[in-house]
Amino acid sequence: MKQQEDLHVVALSGRLTISRAKELSEQLKSSLDEHQRVLVNPARAENIDASCIQVLYASAKYAQSIGKEFGFTGEVPEQVREVLVTTGLCREAPDEAKELTETLIEFPKT
Amino acid sequence: MVDQFKEAFKEEAYELLNQLEQDLLEAEENQESPEAVSAVFRTMHTIKGSAGMFGYERISKFTHEVETVLDMVREGKVDISQDLIDLTLRSRDHINEMLEEQTVTGEADDPVSREIITGLKQLVEEAERARKPEEQETAPSKAGRETGEAGDLDHEVTYRISFKPPAELFQSGTNPVPLLRELREMGDYTCIANTESIPPLDEIVPDQCYTNWDILLTTTKNRKSIEDVFIFVADESEIKIDIIDETTGIEDDPSYKRIGEILQDRGIIDQSKLRLILEKRKRLGEVLLEENIISDQQLQSALSEQEHVKKVRSQKQTETAGSSIRVNAEKLDQLVDLVGEMVTVQARLARTSNSLKDSQLENISEQIERLTSELRNNTMSMRMVPIGMTFSKFRRLVRDLSQDLGKEIELETSGGETELDKTVIDRLNDPMVHIIRNSIDHGIETPEVREQAGKSRDGLIRLEASHSGASVHITISDNGKGLNADKLRERAVERGVIAQDAELSEQEIYQLIFAPGFSTAEVVSKVSGRGVGMDVVRQEIEALGGAVILESEVGQGTSVLLKIPLTLAIIDGLLVQVGINYYVFPLSVVERVVEFPEEEKSRGDNRRIIPYQDGLVPYVSLREFFSIQDEKADYEQVVVIQNNDNLIGFLVDQVIGDFQTVIKPLGKMYRDQEGISGATFLGDGSIALILDIPKLAAQIKNGF
């Protein structure tokens, strides 16, 4: 985790499956509670499943409810892009994560 | 303009009728296949739609009646039977006849229409009487009659799949991503994830599933294949699979349901509410959202469905319309003529640039030569059509004739993708009909006779096509009784075709069937046997610049090989000169060019024979044949050609070389000139005559 002033970057890595959904949700909640702006960097994620995607949606909703900013940074690996399109969360996933906030369908904008 | 459209419709309709015939024969063979019936229905439906659109009211009304019955077959309410196939084939023929008639409007109440429709209605009534009431309630649904097994349909269907997994989905170790991926791989896929129910992070239970999906899938897979994807989650999930669209081709309107209709279909709003909202004259989606009747995601999902179906339909239209365009054959002929002129002008340009020795002009001339060559090849390729369509027409012929004669005959085809010039294909039809009729009538035995001979009851006719250099070989073979050389010989003597004591090999005897007025059928049938067949076949094929080769084996069958040139518009020729005149031999018949032997020049007698290889070959002087008065050349050459297994030499002044020739028809005055099949322009604008070798050889044989 990299920290810079009020910005906190959560770097995702490895396989983000149901077994890590709880850990991810706790990590993101504590980041949002502690920082004004939280960015998720999926560049090193090898994979992601529906449970962890739900956690990202939940984080955006939570950020919105407590007046914080939640977004993405870095690059989106091919495997993650494929999952986002297959699960209907993106029509065409962008290469850069910062655009994800706009392209994730029905993703709460903060 | 209207006439032009009607012409276009007629052309399309003839193609559709051919397709319909094939579909019906397919359905006859595979009576259990729902795909075959669907194909027949769709083709009939297209004919009806197009006929209505272009004002062919009678056809449209008649087709509507037939289509109604076919729809019942498709729904499983009426079984496919021989009577049904026969009546539908008759309907197809009747539509064909109606296309030719001038009266296009009015009711389809002519006697033939009435008879067919009555026959079809009787079949429906019989089927309804035979069906038990409980069966009527369980008739399979329209669109993709289910076979109960996973598999492919013969057309694309768009499914709307609603997948609501249980909250505990993840806890059971199930990941929905591979399942959605499997659907995505089946076809054109649009997935809408409904994420509204995902709570904020402080409320979420991470191992619970809050998402559900609406999927739009356009695929050829049947419903069972889709159900199989959900096999492991089906019990605990809510899965709804609906067919929302069937794309059958160009007749489909790319526009799709309005948003209100989609939402109504999905049971989100009812009709009365929809009517009230529409009265407000605002955008439906806006009002529905404002009044909290639907959620944003429900609206987005409906919009996605509208967009998906529109996209699939437009793609289908583009594929159908864009893959080919219909061009009048006359326009193609004109193009070929123009290319021919271009080739001539290009040859003149080449000569001029060579004589002027101007390097810049030579450079331009070479570029034009390359472009002309490409243009010529491309233009010729546009006229090439696969022979498969012609082959498929014969299925009906074989079916009908074998039924009439009480024979059981199968037709097998191969090499249908082989392409030939359209003009050649059109002229091949009649000779092939003759040969196939002969096979069915004289060649293949009745099932009883075949069984007695230790053969299978079913006879077989094979049509095969393949390329061989600048020719196409078409073989029509059967596994019938073969030709009877003794009987043929006997008949030939009887008819005075050969002398009683003529010594002929078996192969030579077989060739006698090409003699005019020859027939071996003991009973003249309506099918063949009037002796006007095979001699006409040979004439037709030779007129195409081709050859017929017949082989037969007693008890095993007969095979007729047609060697056909790829095109009639351009031939590879050998250009020769006699005096100031030029002639072209088709290169395909030329064996060799030899020097005219000195000793023959001084021979005083009328014996016209030269030594060739290990034997002797008769020759004819083209100078004498065409009565050319110019002085003889000092050194003459002989072009040795092959015609029906015989070698003949033609004495010419000079062989100039091979030459790709654009054939021009002869004017009216010269059309009946024996021995000449056409003309061509040379580079300097002079004319060369193209020799008709079979006719020339026949004239020589008769002592011209």
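Modeller: Two strands pair if DSSP finds at least two bridges between them. In this predicted model, strand β13 (residues 581-586) of chain B runs parallel to strand β21 (residues 687-691) of chain B, and three bridges join them. B:Tyr583 has B:Leu689 as its bridge partner in β21(B). Residues are numbered from 1 along each chain as its sequence is written, and chains are lettered from A and ligands numbered from 1 in the order in which they are written. Because the model is predicted, local features need pLDDT of at least 70 and side-chain atom pairs count only at pLDDT 80 or more, whereas totals for chains, interfaces and linings use all residues.

Biologist: What makes a stretch of chain B a helix or a strand, and how many of each are there?

Modeller: Both are DSSP runs numbered from the N terminus: helices are H or I with at least four residues, and strands are E with at least two. By this rule, chain B has 23 helices and 21 strands.

Biologist: Why is β2(B) called largely enclosed?

Modeller: A residue is buried if 20 or more other C-beta atoms, placed from the backbone, lie within 10 Å of its own, exposed if 12 or fewer do, and partly exposed in between. Six of the seven residues of β2(B) are buried, so the rest of the structure largely encloses this strand. β2(B) also pairs over seven bridges, in the antiparallel sense, with strand β3 (residues 212-221) of chain B; there, B:Thr190 has B:Leu216 as its bridge partner. For chain B as a whole, buried residues make up 32% of its 704 residues.

Biologist: What makes B:Arg181 buried, exposed or partly exposed?

Modeller: B:Arg181 has 16 other C-beta atoms within 10 Å, and is therefore partly exposed. This residue lies in helix α7 of chain B. The C-alpha atoms of B:Arg181 and B:Val229 are separated by 9.9 Å, although the two residues are 48 apart along the chain.

Biologist: How do you know which residues of chain B touch chain A, and which elements do they come from?

Modeller: Two residues are in contact if their C-beta atoms, placed from the backbone, lie within 7 Å. On that basis, 24 residues of chain B contact 24 residues of chain A. On the chain B side, the elements giving two or more residues are α7 (176-184) and β2 (188-194) of chain B. The largest share, five residues, comes from α7(B).

Biologist: How do you know whether helix α13(B) reaches the span expected of it?

Modeller: The expected span is 1.5 Å times one less than the number of residues. Helix α13 (residues 329-356) of chain B has 28 residues and reaches 41 Å from its first C-alpha to its last, close to the expected 40 Å. Its buried residues are B:Val336, B:Val339, B:Gly340, B:Val343 and B:Gln346. Among the elements covering the buried residues of α13(B) are α14 (359-382) and β19 (654-662) of chain B. After α13(B) comes B:Lys357, with a positive phi near 55°.

Biologist: Where does helix α16(B) bend, and what is meant by a bend?

Modeller: The bend at a residue is the angle between axes fitted to the seven residues ending there and the seven starting there. For α16(B), this angle is about 35° at B:Asn429, and the proline B:Pro431 follows within four residues. Helix α16 (residues 422-443) of chain B, with 22 residues, reaches 30 Å, close to the expected 32 Å.
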